[in-house]
Amino acid sequence: MPINNYILLSIALFCIGIVGVLTRRNAIIIFMCIELMLNAVNLLLVAFSKMHARAALLAGDVNGTAGTDGQLFVFFIMVVAAAEVSVGLAIIVMMYRNIHSVDVNFLNRLKH
Amino acid sequence: MNIIQILFWFLSVVAIFSALMVITSKNPVYSVLWLIVTFFAISGHYILLNAQFLAIVNIIVYAGAIMVLFLFVIMLMNLNKETEPQKNRWLKMAGAVAGGCLLLVFVAALKGAGLKDQEAMVNEGDIGLIKNLGKELFTTYVVPFEISSILFLSAMVGAVVIGKKE
């Protein structure tokens, strides 16, 4: 499968996430769009890792572990995303408790 | 057009369509459900790339844990109704145009990247299996792995501190 296909798919998913962040007002949906962007990057990293593995194989690599780093990066991105979601949702719950809404338009001033 | 190409295009169409439904659904619960469909499509891509460990972790962590957390928060705040107040049509159009411009820039940058003859190894190769990944994770990357456990601990403490009633 040409790597360009995977890059175009990841670009499309990433830009859909960007449009979601820019157009939606609901804080939870903005957060979900950030998750979507993270997943687009993950998919691209895995595709590049397999591309690297194939290039190393064609160049005569014997043990064939080239490209493992990319997949471990994806693993660490998932770890950080899980931690980020727990803290971010706690912040959204606190925001809902204070202003009784999750609309980000109500957060345009620093004091409440 | 063999079976792998058919699967690739099918999963891509599913992923992009459900991602579009995520940002166009009025009801937040539907958005969460469409995002789960997107994650399953991306997991299908991982399986197609023979990255089986990441496919399973993606399903368990994202579609299983994180999305349930989202659904739980939405249900907790009673947001499962179609509430999108004060829609400004020009602002939405500006956001869509900005995202489209970013798409254009990325595609234009891809044209000059010189990756025409590169291919991703599909449905073969064993670097994505758990044996290889585990060996690498617990030898080369053991320090970041332990640091990520500290990150989890601090995130847990932070979530509890932020979330508790004062």
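**View 1. Helix 1 of chain A is largely enclosed by the rest of the structure, because 16 of its 21 residues are buried.** Buried here means that 20 or more other C-beta atoms lie within 10 Å of the residue's own; 12 or fewer counts as exposed, anything in between as partly exposed, and C-beta atoms are placed from the backbone. The model is predicted: local features need pLDDT of at least 70, side-chain atom pairs count only at pLDDT 80 or more, and totals for chains, interfaces and linings use all residues. Residues are numbered from 1 along each chain as its sequence is written, while chains are lettered from A and ligands numbered from 1 in the order in which they are written. Helices (H or I, at least four residues) and strands (E, at least two) are DSSP runs, numbered from the N terminus. Helix 1 of chain A reaches 30 Å from its first C-alpha to its last. That is close to the 30 Å expected at 1.5 Å a residue, where the expected span is 1.5 Å times one less than the number of residues.

**View 2. Helix 1 and helix 2 of chain A pack with their axes 8 Å apart.** The angle between them is about 165 degrees. Axes are lines fitted to C-alpha atoms, for helices over the stretch in contact, and angles run from 0 to 180 degrees between N-to-C directions. Helix 1 and helix 2 of chain A are therefore roughly antiparallel to each other. Angles over 145 degrees count as roughly antiparallel, under 35 as roughly parallel, 65 to 115 as roughly perpendicular and the rest as oblique. Contact residues of helix 1 of chain A include A:Tyr6, A:Leu13, A:Phe14 and A:Gly17. Those of helix 2 of chain A include A:Ile29, A:Leu36, A:Leu43 and A:Met51. Two residues are in contact if their C-beta atoms, placed from the backbone, lie within 7 Å.

**View 3. Helix 1 of chain A also passes helix 4 (residues 89–111) of chain B.** Their axes come within 8 Å and cross at roughly 160 degrees. That makes helix 1 of chain A roughly antiparallel to helix 4 of chain B. The crossing is right-handed. On the chain A side, the residues that meet helix 4 of chain B include A:Asn4, A:Ile11, A:Cys15 and A:Leu22. Their partners on helix 4 include B:Lys92, B:Gly99, B:Leu103 and B:Phe106.

**View 4. The largest nonpolar core has 63 residues.** Such a core is a set of buried Ala, Val, Leu, Ile, Met, Phe, Trp, Tyr and Cys residues joined through C-beta atoms within 7 Å. The residues with the most contacts inside it are A:Ile28, A:Met32, A:Leu36, A:Val46 and A:Ala47. Helices 1, 2 and 3 of chain A and helices 1, 2 and 3 of chain B each give two or more residues to this core. Helix 2 of chain A has the largest share, 17 residues.

**View 5. In the interface, 61 residues of chain A are in contact with 68 residues of chain B.** Helix 1, helix 2 and helix 3 of chain A each supply at least two residues of the side that touches chain B. Helix 3 of chain A brings the largest share, 20 residues. Helix 3 of chain A packs with helix 5 (residues 130–137) of chain B at about 80 degrees, with their axes 10 Å apart. That makes the pair roughly perpendicular. A:Thr68, A:Gln71 and A:Leu72 meet B:Asn132, B:Leu133, B:Glu136 and B:Leu137 here.

**View 6. Helix 2 of chain B is followed by B:Asn50.** This helix has 21 residues and reaches 30 Å from its first C-alpha to its last. B:Ser43 lies in helix 2 of chain B. B:Ser43 is buried, with 24 other C-beta atoms within 10 Å. Not counting residues up to four places away in sequence, B:Ser43 touches B:Ala55, B:Asn58 and B:Ile59. B:Asn50 sits in the loop between helix 2 and helix 3 of chain B. Phi of B:Asn50 is near 60 degrees, a positive value in a residue other than glycine. B:Asn50 is partly exposed, with 19 other C-beta atoms within 10 Å.

Notes
Left-handed = near helix turned anticlockwise from the far one by under 90°.
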